[in-house]
Amino acid sequence: MPVARPETSDARVIAHVDMDCFYVQVEQRKQPELRGLPTAVVQYNEWQGGGLIAVSYEARKCGVKRVLDGVFRSMRGDEAKAACPEIQLVQVPVARGKADLNLYRSAGSEVVSILAQSGKCERASIDEVYLDLTDAAESMLADAPPESLELMDEEVLKSHILGLSRKDGDDFEESVRDWICRKDADRRDKLLSCGIILVAELRKQVLKETEFTCSAGIAHNKMLAKLASGMNKPAQQTVVPYAAVQELLSSLPIKKMKQLGGKLGTSLQTDLGVDTVGDLLQFSETKLQEHYGINTGTWLWNIARGISGEEVQGRLLPKSHGSGKTFPGPRALKSLSNVQHWLNQLSEELSERLSSDLEQNKRIASTLTLHASAFRSRDSDSHKKFPSKSCPLRYGVTKIQEDAFNLFQAALREYMGPFGSKPQGNKQETWRITGLSVSASKIVDIPSGTSSIMRYFQSQSTVPSRSADGCVQDHVVTPSASEGCSEQISTETQAVIPEEDTGVTYTFPNFETPDKDVDLVSEKDVVSCPSSEATDVPTQLESNRTSQTKRTGRKINNPKEKNRGMPSIVDIFKNYNASPPTKQETQEDSTVSPSTSKRANFSNSSHSSEVTQESEERRQQIDWGYKIDEIDQSVLNELPVEIQRELRRFLHPNKRLNTNSKSKGDGSTSSIAHYFPPLNR
Ligand code: TTP
């Protein structure tokens, strides 16, 4: 069945900018004496000189590499020294017994802020950015087309243009200039020519302002631009004209394609005998759909032709935050207390990052996900994956720690199965954890003007609320967002580390070694997964909620349902339009006109006394976008007392009439709008 094809985006100009040996460059900027020397950044764990996570191009020339071929494990510092005795090894900064990537994160942000000035910019990982330069290229084509330029920068002339044929003896730079200045080129190529000039200029600017070099791919869509950016490194740019697409894809190994590095790529190889992207061309769309479903089939059909409708997202901030650590070989964790210790460390880091995101960017996350990798002692099913689990995220270090541990225990029970706790034969079955990570996703902006609630969240993160018996309170801040699973950190890259004692090898996902940023989840690292992959776990807080539900008589059977109908405070803010209603709107609100405004008139004290049943229903359903009855009490309980009181009065106007008639309208009661001042205030 054919599916709507993405609009062929061949008149767009998209760039993928990728920093060169990024962590090394950051360290070299810090210690300029390392510039030009073979250098590598190694993990904090010093065993055998530490695992390499970034290698300079000088060191690469001596045979030093991050990952050893064939063995799929990172090269160790000692091995790098053997290959290149003069190599400089720099340790990644450490905090809480694990790599601290803040230095690299903020270096990445410096680059993003420069590139973002040129057009729509999407931060794809700690050191990668997509840019949509279409508008800039169109303006250039209209105002100062390449052929009108007298001088062309050297960086432009060094560009690699795929498919550019040169006769023997032709000067490389002259050929590039000719291609860029062709008068008879079609519009697509002319736009790309402008893109070449723009990107060269941007790369120079990045170098000047940050001292970092980067490489770039320039093409008509994200997929092609990304493929191209890695083709000529470091400090170079590669262009994919429309005419070169088929040639590029025909020889491209299928596993090199984004999203085909894992199971789907393997299935294409084994089930359909597809080795290169070009091989896909022999299959009809229907055939691919038969094998892989409608959407995936169509997607494969498209990528074989270089078609991708994926837009550059205007996003300068990470989509999620995460903190992870691996425990390879003998360092694998074997006890719950050890797991809890590390989850506490990881949660602390996550909480810190959430707080600074809240403070600096006014964003809050709503889903907490736990991932782990593990193996079992008597494993008949050694490839059984440790399940990932998600739950609504509660702000506050202790809450995150507690929820993360609950998620872990739920996942462990599932992983070990019904016999997990029982001895198998003579031996008790045991488990080992080789990687742990916690991540926060579904991040949304807090509408501006909600400054007091932000202070509230901030204090939440530092002062976890505890009940008298010392237990952490189980209130939910943002329960609504967790409908099935959100993004998750996929760990497609697998590494095998020999277990030192036994010689057994364990396969574990790359949570931290090498330490590709798990927080700034790149599209490499994120899959939007079907809900089975990270299942929602009713944590302690959810059992609370369930009991509340019982009290209110609303029965929830489906676990996912639990989160529905419980709009988070964020949703409340979203639905709340803080502009004061006009007089007319106020009247309409109280006189049941079908065309009434959708604004919630919090401060209108006469509102409740005049509402008819119909307007009340409308107030419940239209003004708020959901039913007031379904608001989770625990959401309200999280709010400062004054706000709770005010909201309750709004939600239960009749009660308000009875109990608060005295204070109404006397101006002494703070209105809800006081806490959430409108934008224009
Ligand atoms: P990459 O962009 O994959 O590599 P790179 O920038 O070091 O080198 P290249 O010039 O080939 O692009 O990764 C960016 C940074 O992310 C890298 O400098 C270190 C870190 N990283 C890890 O910590 N672990 C990993 O597994 C990978 C791939 C990268």
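The model is predicted. On the surface, five acidic residues, Glu154, Asp170, Asp171, Glu173 and Asp178, gather in a patch of negative charge. Strands β9 and β10 form a hairpin. Ser377 lies in a loop between β15 and β16.

**Negative patch**
- The patch brings together Glu154, Asp170, Asp171, Glu173 and Asp178.
- One of these residues, Glu173, is found in helix α7, which covers residues 172-181.
- Glu173 has 31% relative accessibility. Partly exposed residues fall between the buried limit of 20% and the exposed limit of 50%, so Glu173 counts as partly exposed.

- Strand β9 spans residues 120-125, and strand β10 spans residues 128-132.
- The two strands run antiparallel, and five bridges join them.
- Two residues sit between β9 and β10 in the hairpin.
- Arg123 has Val129 of β10 as its bridge partner.
- Five of the six residues of β9 are buried, so the rest of the structure largely encloses this strand.

**Loop residue Ser377**
- Ser377 belongs to the loop that links β15 (363-376) with β16 (388-392).
- Its relative accessibility is 40%, so Ser377 counts as partly exposed.
- Ser377 and Arg432 are 55 residues apart along the chain. Their C-alpha atoms are separated by 7.7 Å.

Conventions. Residues numbered from 1 in each chain as written. Predicted model: local features only at pLDDT ≥ 70, side-chain atom pairs only at ≥ 80, totals over all residues. Heavy atoms only, no water. Patch = residues over 30% accessible without salt bridge, like charges linked within 9 Å, V, L, I, M, F, W, Y side chains within 5 Å. Areas by Shrake-Rupley, 256 points an atom, 1.4 Å probe, with all protein chains shown as cover. Salt bridge = Lys/Arg side-chain N within 4 Å of Asp/Glu carboxyl O. Charge placed at Lys NZ, Arg CZ, Asp CG, Glu CD. Helix = DSSP H or I, 4+ residues; strand = E, 2+ residues; numbered from the N terminus. Buried < 20%, exposed > 50% of the residue type's maximum accessible area, 1.4 Å probe, protein only. Pairing = 2+ DSSP bridges.
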